Amino acid sequence: MQNEGNDDEMSKEFRVLSPTAILGYGFPEASFRRGMERKPHLIGVDAGSTDPGPYYLGAGKSFTNRAFVKRDLTYMLTAGVEAGIPVVIGSAGGSGAKPHLDWCHEIIREIAKENSLSFKMAVIPADIDKKIVLEAMAKGRVKPLSFVPEATAKDVEESVHIVVQMGCEPIMKALDMGAQVVLAGRCYDPACFAAVPIRQGFDTGLAMHMGKILECAAIAASPGSGADCVLGTLTENSFILEPLSDKRVFTPMSTAAHTLYEKSDPYHLPGPGGAIDLTDASFTELPGGRVEVKGSRYEKTKGYFLKLEGVRRIGYRTISIAGTRDPIMISKIDTILPQVEAQVRGMMKNPSPNDKLMFHVYGKNGVMGAMEPLGNAVSHELCIIIEALCTTQDAADTLCSVTRSTLLHYGYEGRIATAGNLAFPFSPSDVQMGATYTFSLYHLMEVADPCMFPINIEQYTNGEVRK
Amino acid sequence: MSKTTKKRIPVAGHGHKRSIMEVARVIRSKNSGPYELTLDIIFRSCEDYEMCKSRAIVNPALISKLYKIPESDILGIIWFEPAHAVKITIRRWIASGDPGETDIYGAQQHAPLLGIEFDA
(Lines give C-alpha, C1' and ligand atoms only; values in the text may rest on other atoms or scores of the structure.)
Protein backbone atom coordinates (compact mmCIF):
# COMPACT_ATOMS: atom_id res chain seq x y z
CA MET A 1 0.00 0.00 0.00
CA GLN A 2 0.97 3.61 -0.37
CA ASN A 3 2.72 5.34 2.48
CA GLU A 4 -0.05 7.81 3.18
CA GLY A 5 -0.02 9.92 6.29
CA ASN A 6 3.63 9.21 7.03
CA ASP A 7 4.55 12.86 7.16
CA ASP A 8 7.18 12.19 9.84
CA GLU A 9 8.92 9.85 7.47
CA MET A 10 8.69 12.30 4.59
CA SER A 11 11.61 11.43 2.40
CA LYS A 12 13.75 14.27 1.14
CA GLU A 13 12.81 13.46 -2.42
CA PHE A 14 9.54 13.05 -4.23
CA ARG A 15 9.76 11.49 -7.67
CA VAL A 16 6.97 11.84 -10.21
CA LEU A 17 6.68 9.83 -13.39
CA SER A 18 4.92 11.59 -16.26
CA PRO A 19 4.45 9.07 -19.06
CA THR A 20 2.86 11.22 -21.76
CA ALA A 21 1.72 14.76 -22.53
CA ILE A 22 -1.91 13.75 -23.02
CA LEU A 23 -3.38 10.43 -21.99
CA GLY A 24 -3.75 8.50 -25.25
CA TYR A 25 -0.77 10.06 -27.04
CA GLY A 26 1.29 6.96 -26.16
CA PHE A 27 4.87 6.47 -24.92
CA PRO A 28 7.68 3.95 -25.51
CA GLU A 29 7.43 0.99 -23.13
CA ALA A 30 11.20 1.14 -22.50
CA SER A 31 10.96 4.75 -21.24
CA PHE A 32 8.09 3.83 -18.94
CA ARG A 33 10.00 0.82 -17.50
CA ARG A 34 13.06 3.01 -16.98
CA GLY A 35 10.84 5.47 -15.12
CA MET A 36 9.42 2.72 -12.88
CA GLU A 37 12.98 1.54 -12.10
CA ARG A 38 13.57 4.98 -10.56
CA LYS A 39 10.88 4.04 -7.99
CA PRO A 40 8.55 7.02 -8.43
CA HIS A 41 6.23 8.11 -5.62
CA LEU A 42 3.49 9.07 -8.11
CA ILE A 43 2.40 8.48 -11.68
CA GLY A 44 0.47 11.45 -13.03
CA VAL A 45 -1.16 12.23 -16.33
CA ASP A 46 -3.17 15.04 -17.75
CA ALA A 47 -5.75 14.04 -20.32
CA GLY A 48 -7.22 17.35 -21.35
CA SER A 49 -7.12 20.64 -23.14
CA THR A 50 -9.45 23.23 -24.65
CA ASP A 51 -7.09 23.44 -27.64
CA PRO A 52 -9.07 21.15 -29.95
CA GLY A 53 -11.92 23.65 -29.80
CA PRO A 54 -15.44 23.69 -28.37
CA TYR A 55 -16.79 20.60 -30.15
CA TYR A 56 -15.46 17.95 -27.77
CA LEU A 57 -16.87 19.50 -24.60
CA GLY A 58 -20.18 20.07 -26.38
CA ALA A 59 -20.51 16.64 -27.96
CA GLY A 60 -19.25 14.77 -24.88
CA LYS A 61 -16.56 13.07 -26.91
CA SER A 62 -12.85 12.55 -26.41
CA PHE A 63 -10.34 13.95 -28.87
CA THR A 64 -8.06 11.02 -28.10
CA ASN A 65 -8.42 7.45 -29.26
CA ARG A 66 -10.05 4.90 -26.93
CA ALA A 67 -7.69 2.04 -27.76
CA PHE A 68 -4.67 4.21 -27.01
CA VAL A 69 -6.11 5.69 -23.84
CA LYS A 70 -6.66 2.12 -22.67
CA ARG A 71 -3.15 1.15 -23.72
CA ASP A 72 -1.54 4.05 -21.81
CA LEU A 73 -3.72 3.54 -18.73
CA THR A 74 -3.05 -0.20 -18.63
CA TYR A 75 0.69 0.45 -18.20
CA MET A 76 0.08 3.17 -15.62
CA LEU A 77 -2.50 1.35 -13.51
CA THR A 78 -0.85 -2.07 -13.43
CA ALA A 79 2.55 -0.54 -12.57
CA GLY A 80 1.10 1.93 -10.08
CA VAL A 81 -0.96 -0.68 -8.24
CA GLU A 82 1.97 -3.12 -8.13
CA ALA A 83 4.29 -0.44 -6.75
CA GLY A 84 1.66 0.76 -4.26
CA ILE A 85 1.88 4.38 -5.40
CA PRO A 86 -0.85 6.86 -6.34
CA VAL A 87 -1.94 7.24 -9.95
CA VAL A 88 -3.61 10.59 -10.68
CA ILE A 89 -5.52 11.21 -13.92
CA GLY A 90 -6.82 14.71 -14.59
CA SER A 91 -9.27 16.11 -17.16
CA ALA A 92 -10.59 12.66 -17.98
CA GLY A 93 -11.71 12.15 -21.56
CA GLY A 94 -10.14 15.44 -22.70
CA SER A 95 -12.80 17.97 -21.72
CA GLY A 96 -13.52 16.49 -18.29
CA ALA A 97 -17.34 16.72 -18.24
CA LYS A 98 -19.56 13.82 -17.15
CA PRO A 99 -19.65 11.96 -20.48
CA HIS A 100 -15.86 12.20 -20.72
CA LEU A 101 -15.41 11.05 -17.12
CA ASP A 102 -17.81 8.13 -17.67
CA TRP A 103 -15.91 7.16 -20.82
CA CYS A 104 -12.58 7.04 -19.02
CA HIS A 105 -14.16 5.38 -15.97
CA GLU A 106 -15.43 2.54 -18.16
CA ILE A 107 -11.94 2.07 -19.60
CA ILE A 108 -10.51 1.80 -16.07
CA ARG A 109 -13.16 -0.77 -15.10
CA GLU A 110 -12.16 -2.87 -18.11
CA ILE A 111 -8.46 -2.62 -17.24
CA ALA A 112 -9.10 -3.50 -13.58
CA LYS A 113 -11.12 -6.54 -14.59
CA GLU A 114 -8.76 -7.75 -17.30
CA ASN A 115 -5.78 -7.48 -14.96
CA SER A 116 -7.53 -8.48 -11.69
CA LEU A 117 -6.34 -5.29 -10.03
CA SER A 118 -7.12 -4.30 -6.45
CA PHE A 119 -7.14 -0.61 -5.52
CA LYS A 120 -9.29 2.13 -4.10
CA MET A 121 -10.30 4.81 -6.60
CA ALA A 122 -11.78 8.27 -6.19
CA VAL A 123 -13.84 9.65 -9.06
CA ILE A 124 -14.25 13.43 -8.98
CA PRO A 125 -16.77 14.98 -11.40
CA ALA A 126 -16.07 18.58 -12.44
CA ASP A 127 -19.53 19.50 -13.75
CA ILE A 128 -21.26 22.38 -12.07
CA ASP A 129 -24.97 23.04 -11.61
CA LYS A 130 -26.08 26.03 -13.69
CA LYS A 131 -27.91 27.40 -10.64
CA ILE A 132 -24.62 27.78 -8.78
CA VAL A 133 -23.07 29.68 -11.70
CA LEU A 134 -26.13 31.93 -12.03
CA GLU A 135 -26.07 32.69 -8.29
CA ALA A 136 -22.38 33.49 -8.42
CA MET A 137 -22.99 35.76 -11.44
CA ALA A 138 -25.75 37.58 -9.62
CA LYS A 139 -23.31 38.23 -6.76
CA GLY A 140 -20.64 39.51 -9.15
CA ARG A 141 -18.38 36.53 -8.52
CA VAL A 142 -17.95 35.54 -12.18
CA LYS A 143 -15.50 37.53 -14.26
CA PRO A 144 -14.27 37.04 -17.82
CA LEU A 145 -10.65 36.30 -18.66
CA SER A 146 -8.80 38.64 -21.08
CA PHE A 147 -10.70 39.37 -24.32
CA VAL A 148 -13.62 37.17 -23.20
CA PRO A 149 -17.03 38.86 -23.33
CA GLU A 150 -19.03 39.26 -20.11
CA ALA A 151 -21.24 36.24 -19.53
CA THR A 152 -25.00 36.59 -19.49
CA ALA A 153 -27.55 34.36 -17.78
CA LYS A 154 -28.51 33.20 -21.27
CA ASP A 155 -24.93 32.01 -21.91
CA VAL A 156 -25.16 29.88 -18.79
CA GLU A 157 -28.67 28.57 -19.46
CA GLU A 158 -27.85 27.62 -23.05
CA SER A 159 -24.63 25.83 -22.17
CA VAL A 160 -24.59 22.11 -22.99
CA HIS A 161 -21.88 21.34 -20.45
CA ILE A 162 -20.17 23.55 -17.90
CA VAL A 163 -17.07 22.26 -16.15
CA VAL A 164 -14.96 23.78 -13.41
CA GLN A 165 -11.21 23.36 -13.59
CA MET A 166 -10.36 21.98 -10.15
CA GLY A 167 -7.10 22.62 -8.32
CA CYS A 168 -5.02 20.42 -6.00
CA GLU A 169 -7.43 20.41 -3.06
CA PRO A 170 -10.00 17.83 -4.28
CA ILE A 171 -7.17 15.44 -5.23
CA MET A 172 -5.61 15.87 -1.79
CA LYS A 173 -8.98 15.22 -0.17
CA ALA A 174 -9.41 12.06 -2.27
CA LEU A 175 -6.05 10.82 -0.96
CA ASP A 176 -7.17 11.66 2.58
CA MET A 177 -10.15 9.38 1.91
CA GLY A 178 -7.72 6.56 1.13
CA ALA A 179 -7.81 6.61 -2.65
CA GLN A 180 -4.79 5.25 -4.50
CA VAL A 181 -6.12 6.06 -7.96
CA VAL A 182 -7.73 9.45 -8.61
CA LEU A 183 -9.82 9.98 -11.73
CA ALA A 184 -10.69 13.66 -11.96
CA GLY A 185 -12.90 15.54 -14.37
CA ARG A 186 -11.64 18.89 -15.70
CA CYS A 187 -8.56 19.69 -13.67
CA TYR A 188 -5.75 22.25 -13.68
CA ASP A 189 -3.05 20.30 -15.48
CA PRO A 190 -0.21 20.76 -12.93
CA ALA A 191 -2.47 19.61 -10.08
CA CYS A 192 -2.23 15.97 -11.27
CA PHE A 193 1.48 16.13 -10.45
CA ALA A 194 1.60 18.67 -7.61
CA ALA A 195 -1.29 17.66 -5.32
CA VAL A 196 0.37 14.56 -3.85
CA PRO A 197 3.76 16.13 -3.00
CA ILE A 198 2.14 19.32 -1.67
CA ARG A 199 0.02 17.14 0.61
CA GLN A 200 3.25 15.59 1.88
CA GLY A 201 4.68 18.99 2.71
CA PHE A 202 6.76 19.87 -0.35
CA ASP A 203 6.93 23.49 -1.50
CA THR A 204 3.89 24.58 -3.50
CA GLY A 205 5.76 26.86 -5.91
CA LEU A 206 8.29 24.18 -6.85
CA ALA A 207 5.66 21.43 -7.02
CA MET A 208 3.36 23.52 -9.23
CA HIS A 209 6.13 24.63 -11.55
CA MET A 210 7.35 21.04 -11.85
CA GLY A 211 3.76 19.98 -12.55
CA LYS A 212 3.49 22.68 -15.19
CA ILE A 213 6.42 21.09 -17.03
CA LEU A 214 5.54 17.44 -16.34
CA GLU A 215 2.02 17.86 -17.69
CA CYS A 216 3.59 18.11 -21.13
CA ALA A 217 5.92 15.14 -20.47
CA ALA A 218 8.93 15.32 -22.80
CA ILE A 219 7.72 18.35 -24.78
CA ALA A 220 10.05 20.48 -22.62
CA ALA A 221 13.06 18.27 -23.48
CA SER A 222 15.22 18.53 -26.57
CA PRO A 223 14.20 17.20 -29.02
CA GLY A 224 10.73 17.63 -27.60
CA SER A 225 8.11 14.88 -27.66
CA GLY A 226 4.56 14.67 -26.40
CA ALA A 227 4.81 10.90 -26.49
CA ASP A 228 7.75 10.09 -24.22
CA CYS A 229 8.17 9.77 -20.45
CA VAL A 230 10.06 12.02 -18.06
CA LEU A 231 10.81 11.96 -14.34
CA GLY A 232 10.56 14.96 -12.05
CA THR A 233 12.29 14.86 -8.68
CA LEU A 234 11.18 17.34 -6.09
CA THR A 235 13.56 18.16 -3.23
CA GLU A 236 13.33 20.66 -0.41
CA ASN A 237 14.53 23.64 -2.42
CA SER A 238 14.57 22.58 -6.08
CA PHE A 239 13.25 20.16 -8.64
CA ILE A 240 15.15 18.15 -11.21
CA LEU A 241 13.88 17.08 -14.62
CA GLU A 242 15.28 13.93 -16.12
CA PRO A 243 14.68 12.32 -19.52
CA LEU A 244 13.82 8.62 -19.60
CA SER A 245 15.06 8.02 -23.12
CA ASP A 246 18.58 8.39 -24.49
CA LYS A 247 17.07 10.18 -27.47
CA ARG A 248 16.56 13.44 -25.59
CA VAL A 249 17.94 15.72 -22.88
CA PHE A 250 16.66 18.60 -20.81
CA THR A 251 18.64 21.81 -21.21
CA PRO A 252 18.20 25.06 -19.29
CA MET A 253 17.00 26.63 -22.55
CA SER A 254 14.53 23.86 -23.45
CA THR A 255 13.11 23.96 -19.93
CA ALA A 256 12.86 27.75 -19.72
CA ALA A 257 11.41 27.97 -23.22
CA HIS A 258 8.66 25.54 -22.31
CA THR A 259 7.36 28.10 -19.86
CA LEU A 260 6.40 30.19 -22.87
CA TYR A 261 4.29 27.48 -24.43
CA GLU A 262 0.56 28.26 -24.72
CA LYS A 263 0.86 30.92 -22.02
CA SER A 264 0.43 34.67 -22.25
CA ASP A 265 2.95 35.66 -19.55
CA PRO A 266 5.92 33.36 -18.85
CA TYR A 267 6.68 34.98 -15.48
CA HIS A 268 3.21 34.51 -13.98
CA LEU A 269 1.21 31.35 -14.58
CA PRO A 270 -2.21 31.70 -13.00
CA GLY A 271 -4.24 28.72 -11.83
CA PRO A 272 -6.85 27.80 -9.23
CA GLY A 273 -6.29 29.81 -6.06
CA GLY A 274 -3.05 31.44 -7.10
CA ALA A 275 -0.24 31.81 -9.59
CA ILE A 276 3.21 30.36 -10.14
CA ASP A 277 5.75 33.20 -10.08
CA LEU A 278 8.92 32.53 -12.07
CA THR A 279 10.53 35.95 -11.65
CA ASP A 280 13.40 34.43 -9.65
CA ALA A 281 13.44 30.96 -11.20
CA SER A 282 16.84 29.65 -12.28
CA PHE A 283 17.59 26.74 -14.59
CA THR A 284 20.89 24.88 -14.15
CA GLU A 285 22.31 22.08 -16.27
CA LEU A 286 23.18 18.82 -14.49
CA PRO A 287 24.99 15.76 -15.90
CA GLY A 288 22.87 13.15 -17.65
CA GLY A 289 20.68 15.55 -19.64
CA ARG A 290 19.06 16.82 -16.45
CA VAL A 291 18.08 20.32 -15.39
CA GLU A 292 17.63 21.66 -11.87
CA VAL A 293 15.12 24.45 -11.29
CA LYS A 294 15.16 26.69 -8.23
CA GLY A 295 13.39 29.81 -7.08
CA SER A 296 9.86 29.15 -8.38
CA ARG A 297 7.34 30.65 -6.02
CA TYR A 298 3.61 30.37 -5.51
CA GLU A 299 1.45 33.36 -4.74
CA LYS A 300 -2.03 32.81 -3.46
CA THR A 301 -4.66 35.16 -4.83
CA LYS A 302 -6.99 37.14 -2.63
CA GLY A 303 -10.08 35.00 -2.97
CA TYR A 304 -10.05 31.55 -4.55
CA PHE A 305 -10.93 31.60 -8.25
CA LEU A 306 -11.72 28.56 -10.38
CA LYS A 307 -12.03 28.61 -14.16
CA LEU A 308 -15.36 27.78 -15.77
CA GLU A 309 -15.51 26.31 -19.27
CA GLY A 310 -18.82 26.05 -21.05
CA VAL A 311 -20.04 25.58 -24.59
CA ARG A 312 -23.36 26.00 -26.32
CA ARG A 313 -24.63 24.62 -29.59
CA ILE A 314 -24.87 27.12 -32.43
CA GLY A 315 -26.15 24.85 -35.19
CA TYR A 316 -25.17 22.12 -37.58
CA ARG A 317 -22.50 22.12 -40.24
CA THR A 318 -22.14 20.54 -43.69
CA ILE A 319 -19.05 21.04 -45.83
CA SER A 320 -17.92 20.29 -49.36
CA ILE A 321 -14.26 20.19 -50.45
CA ALA A 322 -13.29 21.07 -54.01
CA GLY A 323 -10.42 22.48 -56.05
CA THR A 324 -10.01 24.69 -59.06
CA ARG A 325 -7.11 24.81 -61.55
CA ASP A 326 -8.63 27.33 -63.95
CA PRO A 327 -6.56 30.54 -64.13
CA ILE A 328 -9.53 32.65 -65.23
CA MET A 329 -11.70 31.44 -62.36
CA ILE A 330 -8.81 31.88 -59.93
CA SER A 331 -8.27 35.48 -61.05
CA LYS A 332 -11.96 36.25 -60.48
CA ILE A 333 -12.51 34.19 -57.31
CA ASP A 334 -13.18 37.23 -55.10
CA THR A 335 -16.17 38.24 -57.23
CA ILE A 336 -17.39 34.75 -58.17
CA LEU A 337 -17.95 33.52 -54.61
CA PRO A 338 -20.21 36.43 -53.49
CA GLN A 339 -22.14 36.16 -56.78
CA VAL A 340 -22.70 32.44 -56.18
CA GLU A 341 -23.88 33.12 -52.63
CA ALA A 342 -26.31 35.77 -53.87
CA GLN A 343 -27.69 33.39 -56.51
CA VAL A 344 -28.09 30.58 -53.95
CA ARG A 345 -29.79 32.79 -51.39
CA GLY A 346 -32.11 34.09 -54.11
CA MET A 347 -33.26 30.54 -54.81
CA MET A 348 -33.90 29.61 -51.15
CA LYS A 349 -37.57 29.90 -50.21
CA ASN A 350 -37.19 30.91 -46.59
CA PRO A 351 -33.62 31.97 -46.10
CA SER A 352 -32.80 32.32 -42.41
CA PRO A 353 -30.47 35.16 -41.46
CA ASN A 354 -28.88 32.73 -39.00
CA ASP A 355 -27.87 30.38 -41.77
CA LYS A 356 -24.24 31.10 -42.56
CA LEU A 357 -22.44 30.31 -45.78
CA MET A 358 -18.65 30.55 -45.74
CA PHE A 359 -15.90 29.81 -48.23
CA HIS A 360 -12.44 28.80 -47.09
CA VAL A 361 -10.11 29.53 -50.00
CA TYR A 362 -6.79 27.72 -49.58
CA GLY A 363 -4.07 29.04 -51.87
CA LYS A 364 -5.28 32.55 -51.11
CA ASN A 365 -6.06 33.18 -47.43
CA GLY A 366 -7.40 29.90 -46.07
CA VAL A 367 -5.08 29.87 -43.05
CA MET A 368 -4.95 33.51 -41.99
CA GLY A 369 -8.22 34.93 -43.31
CA ALA A 370 -8.41 38.71 -42.94
CA MET A 371 -5.00 38.83 -41.19
CA GLU A 372 -3.27 37.40 -44.29
CA PRO A 373 -0.56 39.89 -45.28
CA LEU A 374 -0.25 38.60 -48.86
CA GLY A 375 -3.83 39.41 -49.75
CA ASN A 376 -3.37 39.46 -53.52
CA ALA A 377 -1.10 36.48 -53.94
CA VAL A 378 -2.84 33.46 -55.39
CA SER A 379 -1.64 30.00 -56.23
CA HIS A 380 -1.99 28.25 -59.59
CA GLU A 381 -4.66 26.13 -57.94
CA LEU A 382 -7.08 26.80 -55.10
CA CYS A 383 -8.87 24.57 -52.61
CA ILE A 384 -12.33 25.84 -51.79
CA ILE A 385 -14.16 24.48 -48.78
CA ILE A 386 -17.83 25.36 -48.81
CA GLU A 387 -19.14 25.57 -45.25
CA ALA A 388 -22.84 25.79 -44.44
CA LEU A 389 -23.68 26.43 -40.78
CA CYS A 390 -27.44 26.36 -40.12
CA THR A 391 -29.92 25.86 -37.32
CA THR A 392 -30.73 22.32 -38.49
CA GLN A 393 -28.70 19.62 -40.20
CA ASP A 394 -31.24 19.48 -43.05
CA ALA A 395 -30.87 23.19 -43.70
CA ALA A 396 -27.07 22.89 -43.67
CA ASP A 397 -27.21 19.96 -46.10
CA THR A 398 -29.45 21.96 -48.43
CA LEU A 399 -27.41 25.15 -48.32
CA CYS A 400 -24.15 23.26 -48.89
CA SER A 401 -25.58 21.14 -51.70
CA VAL A 402 -27.14 24.03 -53.62
CA THR A 403 -24.01 26.15 -53.21
CA ARG A 404 -21.85 23.28 -54.44
CA SER A 405 -23.98 22.66 -57.54
CA THR A 406 -24.30 26.39 -58.27
CA LEU A 407 -20.57 26.99 -57.98
CA LEU A 408 -19.84 23.90 -60.07
CA HIS A 409 -21.79 25.22 -63.04
CA TYR A 410 -21.66 28.98 -62.43
CA GLY A 411 -21.19 30.88 -65.71
CA TYR A 412 -18.79 33.55 -64.49
CA GLU A 413 -17.73 36.29 -66.84
CA GLY A 414 -14.97 35.22 -69.22
CA ARG A 415 -15.39 31.48 -68.58
CA ILE A 416 -14.02 29.18 -71.28
CA ALA A 417 -14.08 25.87 -69.35
CA THR A 418 -17.80 25.23 -69.54
CA ALA A 419 -18.03 21.62 -68.29
CA GLY A 420 -17.59 22.33 -64.59
CA ASN A 421 -15.73 24.75 -62.32
CA LEU A 422 -14.73 22.38 -59.52
CA ALA A 423 -12.54 19.31 -59.04
CA PHE A 424 -13.91 17.10 -56.25
CA PRO A 425 -11.50 14.68 -54.59
CA PHE A 426 -14.31 12.64 -53.04
CA SER A 427 -17.68 11.10 -53.76
CA PRO A 428 -19.81 11.93 -51.82
CA SER A 429 -18.74 15.53 -52.23
CA ASP A 430 -20.64 16.79 -49.18
CA VAL A 431 -19.89 15.83 -45.58
CA GLN A 432 -22.14 16.29 -42.57
CA MET A 433 -20.09 17.64 -39.69
CA GLY A 434 -22.97 17.43 -37.20
CA ALA A 435 -23.61 19.71 -34.24
CA THR A 436 -21.38 22.75 -33.94
CA TYR A 437 -20.51 24.54 -30.71
CA THR A 438 -19.07 27.79 -29.45
CA PHE A 439 -17.45 28.63 -26.13
CA SER A 440 -20.11 30.20 -23.93
CA LEU A 441 -18.06 30.49 -20.76
CA TYR A 442 -14.36 30.98 -20.19
CA HIS A 443 -14.56 32.81 -16.92
CA LEU A 444 -13.23 32.83 -13.40
CA MET A 445 -15.62 32.14 -10.56
CA GLU A 446 -14.81 32.99 -6.97
CA VAL A 447 -15.64 30.10 -4.67
CA ALA A 448 -15.73 29.67 -0.92
CA ASP A 449 -14.63 26.04 -0.99
CA PRO A 450 -11.95 24.72 -3.38
CA CYS A 451 -13.25 21.24 -2.50
CA MET A 452 -16.72 21.94 -3.85
CA PHE A 453 -16.51 18.78 -5.99
CA PRO A 454 -18.18 15.52 -5.01
CA ILE A 455 -15.79 12.62 -4.47
CA ASN A 456 -17.04 9.10 -5.15
CA ILE A 457 -14.99 6.24 -3.77
CA GLU A 458 -14.88 2.76 -5.30
CA GLN A 459 -12.99 -0.31 -4.08
CA TYR A 460 -11.69 -2.70 -6.70
CA THR A 461 -10.84 -6.17 -5.45
CA ASN A 462 -9.28 -8.56 -7.95
CA GLY A 463 -10.86 -6.50 -10.70
CA GLU A 464 -14.37 -6.47 -9.22
CA VAL A 465 -15.83 -3.18 -8.07
CA ARG A 466 -17.68 -2.44 -4.86
CA LYS A 467 -18.96 1.07 -4.17
CA MET B 1 13.21 53.69 -31.70
CA SER B 2 14.81 52.47 -34.89
CA LYS B 3 13.47 53.57 -38.22
CA THR B 4 13.19 49.91 -39.24
CA THR B 5 9.48 49.71 -38.76
CA LYS B 6 8.80 52.70 -40.96
CA LYS B 7 10.91 51.90 -44.01
CA ARG B 8 9.70 48.67 -45.46
CA ILE B 9 12.10 48.08 -48.31
CA PRO B 10 15.76 49.02 -48.14
CA VAL B 11 17.03 51.20 -50.98
CA ALA B 12 19.23 49.34 -53.45
CA GLY B 13 22.89 49.52 -52.47
CA HIS B 14 21.77 50.54 -49.04
CA GLY B 15 20.62 47.09 -48.06
CA HIS B 16 22.16 46.86 -44.62
CA LYS B 17 19.17 45.02 -43.24
CA ARG B 18 19.15 41.81 -41.30
CA SER B 19 16.34 39.31 -41.14
CA ILE B 20 14.85 38.08 -37.88
CA MET B 21 15.58 34.61 -39.28
CA GLU B 22 19.29 35.24 -38.72
CA VAL B 23 18.86 35.77 -34.98
CA ALA B 24 15.87 33.56 -34.10
CA ARG B 25 15.84 29.79 -33.76
CA VAL B 26 12.12 29.45 -33.02
CA ILE B 27 9.24 31.57 -34.33
CA ARG B 28 5.82 30.15 -33.53
CA SER B 29 2.19 30.85 -32.73
CA LYS B 30 -0.35 29.04 -30.57
CA ASN B 31 -3.58 29.61 -28.69
CA SER B 32 -3.25 30.66 -25.09
CA GLY B 33 -6.78 29.60 -24.28
CA PRO B 34 -9.60 30.04 -26.83
CA TYR B 35 -9.50 33.87 -26.80
CA GLU B 36 -5.80 34.67 -27.09
CA LEU B 37 -3.11 34.01 -29.67
CA THR B 38 0.44 33.99 -28.39
CA LEU B 39 3.53 34.43 -30.54
CA ASP B 40 7.02 33.42 -29.44
CA ILE B 41 10.36 34.40 -30.89
CA ILE B 42 13.24 32.51 -29.27
CA PHE B 43 16.64 34.00 -30.10
CA ARG B 44 19.75 32.02 -30.99
CA SER B 45 21.97 33.58 -28.34
CA CYS B 46 21.97 35.82 -25.32
CA GLU B 47 23.67 38.52 -27.48
CA ASP B 48 20.94 38.35 -30.14
CA TYR B 49 18.30 38.51 -27.43
CA GLU B 50 19.90 41.51 -25.70
CA MET B 51 20.43 43.35 -29.00
CA CYS B 52 16.83 42.86 -30.15
CA LYS B 53 15.47 43.73 -26.72
CA SER B 54 17.55 46.89 -26.33
CA ARG B 55 16.48 48.07 -29.78
CA ALA B 56 12.85 47.03 -29.28
CA ILE B 57 12.88 45.22 -32.62
CA VAL B 58 9.51 43.79 -31.62
CA ASN B 59 7.17 46.53 -30.51
CA PRO B 60 3.43 47.27 -30.44
CA ALA B 61 3.49 49.38 -33.63
CA LEU B 62 5.14 46.57 -35.59
CA ILE B 63 2.76 43.88 -34.31
CA SER B 64 -0.20 46.13 -35.02
CA LYS B 65 0.99 46.56 -38.61
CA LEU B 66 1.92 42.91 -39.22
CA TYR B 67 -1.36 41.51 -37.89
CA LYS B 68 -3.62 44.39 -39.00
CA ILE B 69 -4.89 44.84 -35.44
CA PRO B 70 -5.23 47.91 -33.21
CA GLU B 71 -2.62 48.17 -30.47
CA SER B 72 -5.43 47.74 -27.95
CA ASP B 73 -5.69 44.12 -29.14
CA ILE B 74 -2.15 43.46 -27.92
CA LEU B 75 -2.30 42.02 -24.41
CA GLY B 76 1.42 42.25 -23.88
CA ILE B 77 4.93 42.00 -25.27
CA ILE B 78 7.12 40.34 -22.68
CA TRP B 79 10.87 39.81 -22.96
CA PHE B 80 11.75 36.58 -21.12
CA GLU B 81 15.44 36.36 -20.31
CA PRO B 82 15.59 32.72 -19.09
CA ALA B 83 14.62 31.48 -22.57
CA HIS B 84 16.13 34.40 -24.58
CA ALA B 85 12.67 34.96 -25.96
CA VAL B 86 10.05 37.56 -26.58
CA LYS B 87 6.39 36.68 -26.22
CA ILE B 88 3.63 38.63 -27.89
CA THR B 89 0.05 37.89 -26.90
CA ILE B 90 -2.82 39.30 -28.95
CA ARG B 91 -6.57 39.01 -29.06
CA ARG B 92 -7.66 36.07 -31.17
CA TRP B 93 -9.51 37.20 -34.31
CA ILE B 94 -12.47 35.16 -33.06
CA ALA B 95 -12.83 32.67 -30.22
CA SER B 96 -11.38 29.29 -31.18
CA GLY B 97 -13.88 27.30 -33.23
CA ASP B 98 -16.33 30.13 -33.79
CA PRO B 99 -17.93 30.53 -37.26
CA GLY B 100 -15.25 31.66 -39.69
CA GLU B 101 -12.45 29.83 -37.89
CA THR B 102 -9.34 29.10 -39.94
CA ASP B 103 -6.91 27.74 -37.35
CA ILE B 104 -8.38 26.03 -34.27
CA TYR B 105 -5.03 25.63 -32.48
CA GLY B 106 -3.65 28.95 -33.73
CA ALA B 107 -0.46 27.15 -34.69
CA GLN B 108 -0.04 28.64 -38.20
CA GLN B 109 -0.30 32.37 -37.55
CA HIS B 110 3.42 33.04 -37.23
CA ALA B 111 4.29 33.76 -40.89
CA PRO B 112 4.06 37.59 -40.68
CA LEU B 113 6.85 37.51 -38.07
CA LEU B 114 9.23 35.78 -40.48
CA GLY B 115 9.51 38.96 -42.52
CA ILE B 116 10.73 41.19 -39.68
CA GLU B 117 13.86 43.12 -40.66
CA PHE B 118 16.07 45.48 -38.72
CA ASP B 119 19.06 47.72 -39.38
CA ALA B 120 22.32 45.80 -39.44
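A residue is called buried if 20 or more other C-beta atoms lie within 10 Å of its own, exposed if 12 or fewer, and partly exposed in between, with C-beta atoms placed from the backbone. By this count, buried residues make up 41% of the 120 residues in chain B. The model is predicted: local features need pLDDT of at least 70, side-chain atom pairs count only at pLDDT 80 or more, and totals for chains, interfaces and linings use all residues. Residues are numbered from 1 along each chain as its sequence is written, while chains are lettered from A and ligands numbered from 1 in the order in which they are written.

Chain B holds four helices and six strands. Helices (H or I, at least four residues) and strands (E, at least two) are DSSP runs, numbered from the N terminus. Their order from the N terminus is β-α-β-β-α-α-β-β-α-β. Two residues are in contact if their C-beta atoms, placed from the backbone, lie within 7 Å. Of the contacts in chain B between residues at least 6 apart in sequence, 61% join residues at least 24 apart.

Four strands of chain B form an open sheet, ordered β2-β3-β5-β4, with antiparallel pairing. Two strands pair if DSSP finds at least two bridges between them. Lys30(B) has Thr38(B) as its bridge partner in β3(B).

The contact between the chains takes 37 residues from chain A and 38 residues from chain B. On the chain A side, the elements that give two or more residues are α10 (252-258), β16 (356-362) and β18 (430-447). Of these, β18(A) gives the most, with four residues.

Helix α4 (residues 98-114) of chain A has 17 residues. At 1.5 Å a residue, taken times one less than the number of residues, the helix should span 24 Å; its end C-alpha atoms are 24 Å apart, which agrees. Buried in α4(A) are His100(A), Leu101(A), Cys104(A), Ile107(A), Ile108(A), Ile111(A) and Ala112(A). They cover an arc of only 140° around the axis (from the directions of the axis to the C-beta atoms), so they lie on the same side of α4(A). These buried residues pack against α3 (66-83), β3 (87-90), β4 (119-124), β7 (181-184) and β19 (456-461) of chain A. The face turned away from the buried side of α4(A) carries the exposed residues Glu106(A) and Glu114(A). Just after α4(A), Ser116(A) takes a positive phi of about 50°.
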